[in-house]
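Here is a short briefing on one predicted model.

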Amino acid sequence: MGAALYEKGRTVHNKRIDGPFRRFKWLMMLVTLGIYYATPWIRWDRGPFAPDQAVLVDLANRRFYMFDIEIWPHEFFFVAGLLIMAGIGLFLVTSAVGRAWCGYACPQTVWTDLFQHVDRFFDGDRNARMRLDKAPWTASKIARRMAKWAVYLAIAFWTGGAWIMYFADAPTLTYAFWRGEAAPVAYATVAVLTGTTFWLGGFMREQVCVYMCPWPRIQTAMLDEKSLIVTYKDWRGEKRGSVKKAAKNPDEYGDCIDCNLCVAVCPTGVDIRAGQQIGCITCGLCIDACDRVMQDVGRPRGLIDYATLDQCKAEAAGAPATPAWKALLRPRLFVYFGVWAAIGAGLLFALGTRSHTDLTVAPDRNPPFMLLKDGSVRNAFTLRLRNMEARPREMEVAMQGLPQGAVMWTEAVSMDNAAPVQRVTVDANATRVLRAYVLLPQGTVAGDFAFRLTALDEQRESDLAPTTFAHPQSDMAENK
Ligand code: SF4
Ligand code: SF4
């Protein structure tokens, strides 16, 4: 018989525990789920020309709104900057406190935790759940399972439903959704997210962390002997033995009374006493459990604790235990934090000083110019004028760097009204595409020049778009 391709799945029935880390997990669950479910319902007044949803990914108009910040497609570097910050933030957190992301904030952890509380509500704590699992499928067991899975499904559906609210006005979409009038993609997205949440949170649970997620592997490579991890202090705990045995032979036994509570409370079913494992998400629940046991048997807390490998080595050699926070004071963390903060400051500065006016220019290439009967030369351009404010604005388009006598007209202004400067109105939060024709009088030649767009209001924001004037003489020069 060859080796099995897959490890047989086992159900983890984690025991209820209370303590500082469990309470912190409650807090994180409340904050993360609260933010996720409630954010699309927060309203934010941006005036009559913009949506009033505080956080909105407006795919139809290609905008991202986040409170007072509005990101346009040409400003995608802000989103890229935020993603880079998130990446460096994860490096920072992992180097400082190990897999804290996995333990407290990862969606898989948060929803698994929520589903485990649903299990506990319907089936009782660890022992009762284990008994029920082994019990035959009676009517009562089937009814309990149906009720529990119905709650799983409701949570999963609510999760999928909340996601689509980020992409449209939440009250309008909810109304349309229940009337069957929402876009098919909305129903498909909710169906997929309901299915994945139900399956991954309700049934796959720790197997996602152990077998499917690449992040534990990446994080493992980022940890070093100075990173905080959850660790069992074997030099203090071994040899394991009950309080009775230890009372008889105090020199033979360590502090671990082999009660197995640290394993029973672990949401991923890990025995941390066997050393670091990929399944350990460093949630600290085993610390809560062991500290309680140590308190009950009158031994010092911290047999399982957050500590670095360096601290453990020193402690094993007889040095006093070092407070965990001291591990945070090291150059690598300051460098990560400095880079993270510098990117954040740069983004904030760019946001604060950015212009709400933008201009891009594309010259016609076919033909690049028109030679008119009177010897003048005409070029055509496509201008994209952006007004990124939530009010219509009067703007001025001018040409810079062309010889005297150069004039322009647009599709909105006839050739008879050609002038070096033209006025246009651009709607609130809109891009106006304009065809512009530039005429150079006979006997003049031009090359590089620029269009300048200026908002005619108190701010006088402006933007410059360089381009080139194509001319028969520049063509001849190129062909020489
Ligand atoms: S909870 Fe503490 S005492 Fe109990 S088995 Fe785990 S390490 Fe040993
Ligand atoms: S071993 Fe401890 S820290 Fe690791 S996942 Fe289990 S309970 Fe959490």
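The model is predicted: local features need pLDDT of at least 70, side-chain atom pairs count only at pLDDT 80 or more, and totals for chains, interfaces and linings use all residues. Residues are numbered from 1 along each chain as its sequence is written, while chains are lettered from A and ligands numbered from 1 in the order written.

**Helix H2**
- H2 runs over residues 77-97 and has 21 residues; helices are DSSP runs of H or I, at least four residues, numbered from the N terminus.
- Its first and last C-alpha atoms are 29 Å apart, close to the expected 30 Å (1.5 Å times one less than the number of residues).
- Leu92, Thr94, Ser95 and Val97 of H2 are buried (20 or more other C-beta atoms within 10 Å of their own, C-beta atoms being placed from the backbone).

**Annotated spans**
- The unreviewed UniProt entry annotates "transmembrane region" at residues including 76-97, 186-204 and 333-352; such annotations may be inferred rather than shown by experiment.
- Residues 186-204 are 100% helix, with end C-alpha atoms 25 Å apart.
- Residues 333-352 are 100% helix, and their ends lie 28 Å apart by C-alpha.

**Ligand sites**
- Ligand 1 is surrounded by 15 residues, the closest being Cys256, Cys259, Leu261, Cys262 and Cys290 (C-beta atom, placed from the backbone, within 6 Å).
- Helix H14 (285-297) and helix H13 (261-264) each give two or more residues to that shell.
- H14 gives the most, with 3 residues.
- Around ligand 2 are residues including Cys266, Cys280, Cys283 and Cys286.

Note on methods:
A residue is buried if 20 or more other C-beta atoms lie within 10 Å of its own, exposed if 12 or fewer, and partly exposed in between; C-beta atoms are placed from the backbone.
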